[in-house]
Amino acid sequence: MGLQKEHTAHPRYKARLVVKGFSEKKGVDFDEIFSLMVKMTSIRVILGLAARLKLEVEQMDVKTAFLHGDLEEEIYMEQPEGFLVKDKEDYVCKLKKSLYGLKQAPRQ
């Protein structure tokens, strides 16, 4: 009989850094916002054309799309709770990339 190593599972936690976009001011922090809207008739036309032309239709979901956009504006945020740098608690973070919660994130 061989010895088996006892495996103890450690809990895994996930977190997402989200910006408090509700505190942004139009004309100061952003100029335009964007929300993708599509009409069902447009979807029906595209699907109809695909069926008629015997094309293959694919769908994809990009989970990290908001995290790759370069910001044009200078945006700063407070250090996230739990990640404060010792002796620099009054410092802020300058955002280089778009984050969830920014008003202009969908445009990036």
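Author: Because the model is predicted, local features need pLDDT of at least 70 and side-chain atom pairs count only at pLDDT 80 or more, while totals for chains, interfaces and linings use all residues. Residues are numbered from 1 along each chain as its sequence is written, and side-chain values use heavy atoms, with hydrogens and water left out.

Reader: What is the mean pLDDT of the chain?
Author: The mean is 75, and 60% of the residues reach 70 or more; pLDDT is the predictor's confidence in each residue, from 0 to 100. Confidence is lowest in strand β1 (residues 70-78), at a mean of 81, and highest in α1, at 92. Where pLDDT is low, the predicted coordinates should not be read in detail.

Reader: Which elements does the chain have, and in what order do they run from the N terminus?
Author: The order is α-β-β, with one helix and two strands. Helices (H or I, at least four residues) and strands (E, at least two) are DSSP runs, numbered from the N terminus.

Reader: What makes D70 and K97 a salt bridge?
Author: A salt bridge needs a side-chain nitrogen of Lys or Arg within 4 Å of a carboxyl oxygen of Asp or Glu. The closest N and O atoms of D70 and K97 are 2.6 Å apart, so the pair meets that limit. D70 lies in strand β1 and K97 in strand β2 (residues 92-97), so the pair ties together parts that are 27 residues apart in sequence. A search of the whole structure finds one salt bridge.

Reader: Why is D70 called partly exposed?
Author: Buried means under 20% relative accessible area, exposed over 50%, and partly exposed in between (1.4 Å probe, protein chains only). D70 has 47%, so it is partly exposed. K97, at 40%, also counts as partly exposed.

Reader: Which residues form the largest nonpolar core?
Author: The core has six residues: L71, I75, M77, L95, L99 and L102. Such a core is a set of buried Ala, Val, Leu, Ile, Met, Phe, Trp, Tyr and Cys residues joined through side-chain atoms within 4.5 Å. Its largest share, three residues, comes from β1. Buried residues make up 16% of the 108 residues in the chain.

Reader: How do you know that contacts join residues at least 24 apart?
Author: Contact means heavy atoms within 4.5 Å. Among contacts between residues at least 6 apart in sequence, 70% join residues at least 24 apart.
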